[in-house]
Amino acid sequence: MGKSDIRSQTCNWFGLVILLFIVYICPDLIGTFFLNNMINFNGSIVATDTNLLTHNRAFLYGDAVFETVRIVNSKILFLEDHYFRLMSSMRIVRMEIPMNFTMEYLEEQILTLAKTKNIESSSRARITVYRNDGGYYLPHSNTVSYLIAVEGLENAPYSIVQKKYVVDLYTDFYVAKQQLSSIKTTNKLLNITASIYASENDLDNCLLLNDSKNVVEALQGNIFLLNGKKLITPPVSEGCLNGVMRKQILSLARTIENLEVIEEVISPFDLQKSDELFITNVIKGIQPITKYRKKEFTIDFSQQIVQKLNDIIEW
């Protein structure tokens, strides 16, 4: 046996002796250490580090913001708009923005995962940025970590599916008219409960109201209303999401002659008087609403604007 082997065995025995000494002298301390690091997970007592969510602030407090993007032919659509909205969201909730969080860096991280999964031709990706573990409502620090997930989509331009799409108002809870409502956080209980309500009542979607009882958005996107030669969508100050696709549609609509594009309050009564309603988001593009209560709507303008949208994208 060499000297190194003897030295290694001696260290192992010495460590064991020290451990036994601590256990013998301070059994209460050892017991307290292990007991303080246990949780009950679905009826089983396990070590705290068995479940990564134990201290995760996004899980415990909804302390996270996110962006959902669409990837087409290895490019992220409207990348700059998504990036600046994410940075704005992080500032609003007082997260510390890492020095390496450049637009190019995040683009590379998202596309690398899409390419690894061989779905870079058409996919959706979500990047969630959450404050690091520690603290209760008051965090120990404002540093962040992030998680990216990507899943494939059908490789096709934005299109309008010719089918019924029925909506109604959701009135159990209301969107607050505040800046936090305009950003994408992981606190989405209103949208979840409203989605369950829609499913239980055979609806395709629900329209959400703010605390002034005005229409602000749909469950998964912004709402637009066409009334004659006026295209109307609620202003962000009403509590709607500052949507990336909303911005694109406003810009494209302003290029259409004899069309007045307005950001103003929409009441539930306005829905009944409109000629057309549609919902926007970056994954679907445009989703026309065909029926709200007893009122049925055309989809002509939706078809026109989706063509303009496809014209600005390299499919």
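Which residue in β12 is the bridge partner of Lys-230? I looked it up: the partner of Lys-230 is Glu-260.

**Ground rules**

I noted that this is a predicted model, in which local features need pLDDT of at least 70 and side-chain atom pairs count only at pLDDT 80 or more, while totals for chains, interfaces and linings use all residues. Residues are numbered from 1 along each chain as its sequence is written, and side-chain values use heavy atoms, with hydrogens and water left out.

**Entry: β11 and β12**

I started with the strands around that bridge. Helices (H or I, at least four residues) and strands (E, at least two) are DSSP runs, numbered from the N terminus. Two strands pair if DSSP finds at least two bridges between them. Strand β11 (residues 230-233) runs parallel to strand β12 (residues 260-263), and I found four bridges for the pair. With helix α7 (residues 244-253), β11 and β12 make a right-handed β-α-β unit. Right-handed here says that, with the strands pointing away from the viewer, the path from the first strand over the helix to the second runs clockwise.

**Entry: β7 and its partners**

I then turned to strand β7 (residues 166-175), which pairs in the parallel sense with strand β15 (residues 291-292) over two bridges. Opposite Val-167 I found Tyr-292 of β15. Strand β8 (residues 205-210) also runs parallel to β7, with five bridges joining them. Here Tyr-170 faces Leu-208 of β8 as its opposite residue. From β7 the chain crosses through helix α6 (residues 189-200) to β8, and this β-α-β crossover is right-handed.

**Entry: the four-strand sheet**

I read the order of an open, antiparallel sheet of four strands as β4-β3-β5-β6. Its edge strands, β4 (75-76) and β6 (144-152), each pair on one side only. Nine bridges hold the antiparallel pair of β3 and strand β5 (residues 122-131). In that pair Phe-66 stands opposite Thr-128 of β5.

**Entry: rings and charges**

Arg-126 lies over the face of Phe-66, 3.8 Å from the ring centre. Lys-213 has its charged end over the ring of Tyr-174, at 4.5 Å from the centre. For aromatic pairs I took rings of Phe, Tyr and Trp (its six-membered ring) with centres within 6.5 Å, planes under 30 degrees apart being stacked, over 60 edge-to-face and the rest tilted. The count by this rule is nine aromatic pairs. One aromatic cluster consists of Phe-101, Tyr-105 and Tyr-146.

Note on methods: A charge sits over a ring if NZ of Lys or CZ of Arg is within 6 Å of the ring centre and within 35 degrees of the ring normal.
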